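Take a walk through this structure with the text below as a guide. Keep the sequence and the 3D view side by side.

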Protein chains: 4
Amino acid sequence: MEIGVVGLGRMGGNISRRLMKASHHCVVFDADEKPRVALAKEGATVVQSLEDLGETLKERPRAVWVMLPAGRITEETVERLGGLLEPNDIIIDGGNSFYKDDIRRAKKLAEKSIRYVDCGTSGGVWGIERGYCMMIGGPKEVIDHLDPIFAALAPGLGDITRTPGRAKGDPRAERGYIHAGPSGAGHFVKMVHNGIEYGLMQAYAEGFDILHNKDSKDLPDDERFVLNMPDIAEVWRRGSVISSWLLDLSAAALAKDAQLQNFSGFVQDSGEGRWTVEAAIEEAVPAEVLSTALYARFRSRQDHTFGEKILSAMRFGFGGHIEGSEPIAPETRTKKLQGRAASQNPAE
Amino acid sequence: MEIGVVGLGRMGGNISRRLMKASHHCVVFDADEKPRVALAKEGATVVQSLEDLGETLKERPRAVWVMLPAGRITEETVERLGGLLEPNDIIIDGGNSFYKDDIRRAKKLAEKSIRYVDCGTSGGVWGIERGYCMMIGGPKEVIDHLDPIFAALAPGLGDITRTPGRAKGDPRAERGYIHAGPSGAGHFVKMVHNGIEYGLMQAYAEGFDILHNKDSKDLPDDERFVLNMPDIAEVWRRGSVISSWLLDLSAAALAKDAQLQNFSGFVQDSGEGRWTVEAAIEEAVPAEVLSTALYARFRSRQDHTFGEKILSAMRFGFGGHIEGSEPIAPETRTKKLQGRAASQNPAE
Amino acid sequence: MEIGVVGLGRMGGNISRRLMKASHHCVVFDADEKPRVALAKEGATVVQSLEDLGETLKERPRAVWVMLPAGRITEETVERLGGLLEPNDIIIDGGNSFYKDDIRRAKKLAEKSIRYVDCGTSGGVWGIERGYCMMIGGPKEVIDHLDPIFAALAPGLGDITRTPGRAKGDPRAERGYIHAGPSGAGHFVKMVHNGIEYGLMQAYAEGFDILHNKDSKDLPDDERFVLNMPDIAEVWRRGSVISSWLLDLSAAALAKDAQLQNFSGFVQDSGEGRWTVEAAIEEAVPAEVLSTALYARFRSRQDHTFGEKILSAMRFGFGGHIEGSEPIAPETRTKKLQGRAASQNPAE
Amino acid sequence: MEIGVVGLGRMGGNISRRLMKASHHCVVFDADEKPRVALAKEGATVVQSLEDLGETLKERPRAVWVMLPAGRITEETVERLGGLLEPNDIIIDGGNSFYKDDIRRAKKLAEKSIRYVDCGTSGGVWGIERGYCMMIGGPKEVIDHLDPIFAALAPGLGDITRTPGRAKGDPRAERGYIHAGPSGAGHFVKMVHNGIEYGLMQAYAEGFDILHNKDSKDLPDDERFVLNMPDIAEVWRRGSVISSWLLDLSAAALAKDAQLQNFSGFVQDSGEGRWTVEAAIEEAVPAEVLSTALYARFRSRQDHTFGEKILSAMRFGFGGHIEGSEPIAPETRTKKLQGRAASQNPAE
C-alpha cells in the first residue's frame, strides 16, 4: 500500500523503515530537513509540506499516519490534514493522544466524511526490530482496509509461546495488533498500558532500592548485606515469576554500571500516566499503585515540596523539633547508659 | 504524692513542674547538670544518680517516672532501676517505648514483684500549660494507686465541649487519661495516636502544597491563582470541618512566615510511625494513609533514591529518553505548528 | 440587606435562617413546597419561581445566592438567572461547584455585566449554630458589597484562641471568611479543603481500625488487647496532638455505639475529593494521602474489584493457589511437627 | 550427588523430580503417604522419618533440602535435623523463610559445625519444566560444594536473549542462580523478589480494572467502551513494553474466561510481601507501591473495615449523610431543571 507519514522522529522514522521493508510505499514529511534526507536515501518519497503530501499520494482513499508528540502539534497537524484531504481519506494518529481528543476529532472529521483512526503504538526504539504492538480505535471497515499496514508493523507470531485456549479469539491479537473499539478506544487501551508500565517500573524501582539500602549503617551488622544488583537483575530473568522486558532493560543498565552513575533520578512523566489516573477516578476504580507510581515521578523532580516544609513547621510547633537536630527514627543501638537529658522529645 | 522523675528534657522537666504545681513532691535526676540545677531552683529534690534516687524516695511503694528517648537509654534505665528497687515499687515508662518492649519488661520485673506501667504521653512542649493526654497500660491496682499523679498531669475537663452520651463511660477519659489495658496497651494506643498524627499532618501538607502550586506556570493563565496561605489556614480554623490543633499550629507558622523559609522540609520520623505500620501489617489492616505519610518523610530526607535512578535507566532503555531533555508531561499549549521531528518520543 | 436564596435544602434553609436572624431580608425559592412553607413561617418572603424571584427582589443590584447540588441543577439555575437578571446584579454560587465551571460562568455572565461570585461554604448541619466558614472568589468590589451577608453567615471571632502574629493579616480570616482570589479561587480553596478532609478522615479511620483489630486471633495471646474505642476517642480530645472537630464527631458516634452497628461502611464521595486529586496531577504535586483516601471510598462500595479477580487468576496460574484454601499469611504458631506435604506452596 | 529432600508438596516433589532427571539421587520424606508413594514409583528412595533420612544418606557431608511452608514446620524440622546430623553436614532451607530466622539458625547450627544454606526458590508449578530461579545465602565453600544441585535445578541459559555487557559477571546468574551473600541474603533477595511480584501483579490488576470499568453507566455514552480483555492481554504480550511472564498468565486466564467467573477476588498474601514492607521501613526506603499492593490484598479479604464505618459515622456527624441515600460523586448528567431542595448536602 501507499501511505503518508508525518513526523520522522524516533518513532515515525522507524515506522516508515519497517513499512518500506514490507514493500509498502511511504511518502514522508518532517519539518526538519535532516530526517527527510535520511529517509530519502532509504527509499521514501520525501515531500516538503503537508500540502505536497496530499498531492503526492496517488492511491485512493489516501491514508496519512501522523506520528508526532501528543498535544498541540498533533492537534494542528490533524486539523490541517482535515482541510487538505477529501471524503473517504484516512488520518491515523499513531502518537499518544488523549482518547477524548480522538473522539472529538473523529466526530468533526466525519462531518467531511474523512475517516479517523487512533492507534496506540508501543515499542519504543526497539520497535523497528521487534515490531510494534498496536491498539487501534475507529470504524471497522477503515481498520480492515489498513490491515496490510498494521500487519507489516506488528511483530507477528514470532517465537513467543502461544496462549493456551486462544483458538477462538481474534487472530490479530496474536500477531500484535487489535481493533480495540470505536474512536478513542485504541488510545484508551494504550493509555492504560502506559499507566500499568508506570506501576511495573515503580515496583522494580522500589525492590532494587530495598536491595541497595540493605547495606545501610542503621542496620545491625549481621543484617547488613552488600548485594550485587547486576547479578540479581540477571538471575530474576531466568525462571522467576517477575521476569519481564522491563527487567531485561534493568539488567542491561545495571550490567553496564551497577551504580547507575549516569542517571540522577530525575524522572519525567508523559500525559498517559496522568490520564490513566484520571480515568480511574472517573470510573471510581481504586488505582493506588498506578497513582503512587506517578507521584513518585512528581516527587523525583523536586528538592523539597512545600508540603514537607509544612510538616517541619508543625513538628516545630508541637514539639520544638529542629530539623536535622534529632536522631532519625528508633534509636536502637546507642551505647550510652544512664539518664541523659533527652535531646529528642520523647513524646510528641 | 512523692514521685521520682528520671530524664529532665523538654518533657520530663515540664512534667515535674506540673506535678509540683499540684503539690506533689518530685525527686529528680538527669545525667546533665543544667536541667538539675534548673529544677532544684523550682523546688524539686535533685539527686546525682539513680542509686541516690532510690535512697532518697521515702514513700512506699516508691514510684519512678522514666521520661527518656525510647530505645537503649530507656531500656537500660529501666533495667538498672529494676536492680535498685524493691518488691511493690513501681516504674512508669512515660516515653515512647515500643509496646512489645513493655510486655517483655513487665514480665521480667514481675519476677521481682516490681510493678511496671507504660504511659503514652501526648502534649509536647504545650503540655505544661494544657496538660498531658495519657494512655496507660498495666495492672489496675497500680494505676489506681497512681491516680493522683495522672490526675495532676491530665488537662482535666477544661472548657472542651462534652461528648453527648458519655454519661456511662469511664470519667477519666474526659479528664484526659485512660487505663487502656494490660502492659503494653498504653504505649500501643499512644503509638497508633502518633501514626494517626502522621496521616493528619500529611493530609494538611498535601493540601497546602496543592494551594501553593496553584500559581504554577504550567497551568493556563486563567486557572492560576496566587493564594494567601496564612489567611486560608486561619479561615479554616473558623467553623470548618477540618479545624484541629495541628491546623492551629500550621496557621501560627504561616502567620509568622508565609513561605516557611526557615524550614527546608527535611522531616524526621520517630519509631512510632514505623511501628504503627508494622502493627497494621500484623493485623492485616490496610493502612494506606498512615504508611504513605511515613514514606513521604523517608523521601523528604533524600536527594534521589536509587529507585529513581532505576526508573531513569529503564526509560533510557526502552525509549532513549535522556533525563531532563524532554518537556515535562502533556504539552498542551505549544504554539509551534507543523510536523517537526519529535524531540520527544511520542510513544513509549 | 435583601438577598434571594435558591435551594432550601439542609444548607440553603439554614443559611436563610442565619441571615434572617441577622436582620437580612431573604426572598427564597425551592422547587419543593415543604421547605417553602417552612421558611415562610420563619419570616422569609417565599416566591413560586425563579422569575418571581427576580421580580420580587427590590434592592439594586439584586443578589441571588444559589445553594444547590453541584452539577446540572446549579448550572441550569445559574444560566436561567443569567437570563432573568440585569447588569450589575450578582449571582453567588454557594454550593460545591467545580472551580473551572466558575471561571467559565463568570466570563459568560460578564458579557451581560452580571457579576458572579463563587463561595465555598463549610459547616454542614452545624453551620446554623456555629456559623459557616466561607472561601470566596470573584471581583473585589462585589465581595466588598456583599460583606454584610458574609459577616452574618461567618462564625465571627468567637472564643477560638487567636493565632499569634496575625496582627497584620486580613481581619476577615479571623472572623471566618476570606476573599481567596478571582473567579474560581473560592471554590478551589474549598475543594482542597474537602480533599484534606478526606485525608484526615481516612487517617483516623485507619488508626481506629488498627485499634479495633488488636484483638485479632492471629496475634500472640499476650499481644492481643480489647481496646475501648469510645474512651480512646474521648481521651484524644483532651490535650493530645490529634484533637480536632472530626475527632469530636468520632467520639460522639463511638459514645453512642462502640461497634458502629448502624453503619455498614459504604462510603460515598462527592466531586471535590476527585477534583482535588486531578488538581494535584495538573500541578505535578504528589498527593499520596489525598488520593488514597479517595480510593478507600471507591473500594468501600464494591464487593470485589475485577482487579482482585485478576490477582487470584495470576496466583492460580503461577502457583496453583486456590482461593481461600491456604492459611493467610505467615504461619507462625502452628503446632504440627514434622515434614507434612505443604498444603501451601512454599515458594511462589 | 545424593541429596535428602524433606517435604514433597508441589515444590518439593517437583524439585526431587528435576534432580533425579539430572541423575542426582534423592532420598525423600514427607509426613503424608501419598507423595511418598508417588516419588517412590519415580525412582526416589523413600524414608519413613527424619531419623531414617539421616541414616539412609550415604555420602558425606550429607545434604538435606527442606522444602516446607515457612514458619513453625520449617523451624522444627531444621531443629530436628540439627540434632540428627553431624559436623560438616548441610541443611538447605529452600522454602520462604524469613531471612532473620536464617541468620539465627545458621549461627546456632554453626555451634555444632553444621552448615546452613538459605535458598530462595522461584518457579512455582512451572519450575519442573522451566527450571527454578534460585537466590542463595551462606558460606561460599558450601554453596560451591552444592553447585551440581543448583545447576540441575536452574533453568540454564536456555534461549533467553543474553544481557549485553555481562561478559565479566558471575556466570551462574545467567544460568539462573546466584550466591547472594552470607546467611540470610538468599531469602532476603527472594523476599524482595516476591515483594516486587506483588507490586507488578497489582499494577496489572488495576490496569485491567480500569479497562473493565470503561463500560460504566456513569460515563458519558460516547466515552463508554466494551473492551475485550483477552485480546488486550494477548496483544500486550507482543512487542509491548509491559510484556512479562505475569502478563502471559493473565492472558491465559482471560482466554479461558474473560469474566474470570471462577475467581471471587479473595486474595491471600504470604509472609514475604509483609516482610518486604517491614524491611523497607527498617531501611527508610519509601516503598509505596509494594505496600499498597499488600494492602489491596488485605482489603480484598474483608466485607467492610471498621475504618469504613468510622468514615460513615463521621459523614453522618458533620453532614447528616445517610449511607447509600445520596448520588455517588459528581452528578453530571441529571436532566432536571430548576431549584429542587437538595437531597444531597451541597457543602460538607
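The paragraphs below go from a chain interface to salt bridges and then to backbone details. The model is predicted.

Start where chain D meets chain B. On this interface, 23 residues of chain D are in contact with 23 residues of chain B. The two chains bury about 1,800 Å² between them. Carbon and sulfur atoms carry 65% of that area. On the chain D side, D:I281, D:P286 and D:Y295 lose the most area to chain B. Together these three residues make up 36% of what that side buries.

Which helices of chain D each supply at least two residues of the side that touches chain B? They are helix 13 (271-283) and helix 14 (288-300). Helix 14 of chain D gives the most, with seven residues. The residues on this side of chain D divide into 12 nonpolar, four polar and seven charged.

How many salt bridges cross the interface of chain D and chain B? The rule finds zero there. Polar contacts do occur across the interface of chain D and chain B: six residue pairs are found, with both residues at pLDDT 80 or more.

Now widen the view to salt bridges elsewhere. A search of the whole structure finds 108 of them over all chains. One of them pairs A:R166 with D:D231. Their closest N and O atoms are 3.0 Å apart. A:R166 lies in the loop between helix 8 (147-153) and helix 9 (171-175) of chain A, while D:D231 lies in helix 11 (residues 229-236) of chain D, so this pair joins two chains. Are the two partners buried or exposed? A:R166 has a relative accessible area of 7%, so it counts as buried. D:D231 is buried too, because its relative accessible area is 9%, under the 20% cut-off.

The next salt bridge stays within chain C. The side chains of C:R237 and C:D248 meet at 2.7 Å, N to O. C:R237 sits in the loop between helix 11 (229-236) and helix 12 (245-256) of chain C, and C:D248 sits in helix 12 of chain C, so the bridge ties together parts that are 11 residues apart in sequence.

D:R104 and D:D101 meet through their side chains at 2.9 Å, N to O. Both residues are in helix 5 (residues 99-110) of chain D. They are three residues apart, so about one helical turn separates them. D:R104 is partly exposed, with a relative accessible area of 39%. D:D101 also counts as partly exposed, at 25%.

Finally, turn to the backbone. Most residues other than glycine have a negative phi, and most peptide bonds are trans. A few places here depart from that pattern.

Where does A:P61 lie? It is in the loop between helix 3 (50-56) and strand 4 (63-66) of chain A. The peptide bond from A:R60 to A:P61 is cis, with omega near -5 degrees. Look at chain C next. The bond from C:R60 to C:P61 is cis, with omega near -5 degrees. C:P61 is placed in the loop between helix 3 (50-56) and strand 4 (63-66) of chain C.

Two residues show a positive phi without being glycine. For A:N88, phi is near 80 degrees. A:N88 is in the loop between helix 4 (72-84) and strand 5 (90-93) of chain A. Its relative accessibility is 44%, so A:N88 counts as partly exposed. For D:S23, phi is about 70 degrees. D:S23 is found in the loop between helix 1 (10-21) and strand 2 (25-29) of chain D. D:S23 counts as exposed because its relative accessibility is 65%, over the 50% cut-off.

Notes:
Residues numbered from 1 in each chain as written. Chains lettered and ligands numbered in written order. Heavy atoms only, no water. Contact = heavy atoms within 4.5 Å. Buried area = accessible area lost by both parts, 1.4 Å probe. Salt bridge = Lys/Arg side-chain N within 4 Å of Asp/Glu carboxyl O. Polar contact = N/O pair within 3.5 Å; in protein donor to acceptor, adjacent residues only side chain to side chain. Helix = DSSP H or I, 4+ residues; strand = E, 2+ residues; numbered from the N terminus. Nonpolar A, V, L, I, M, F, W, Y, C, P; charged D, E, K, R; others polar. Buried < 20%, exposed > 50% of the residue type's maximum accessible area, 1.4 Å probe, protein only.
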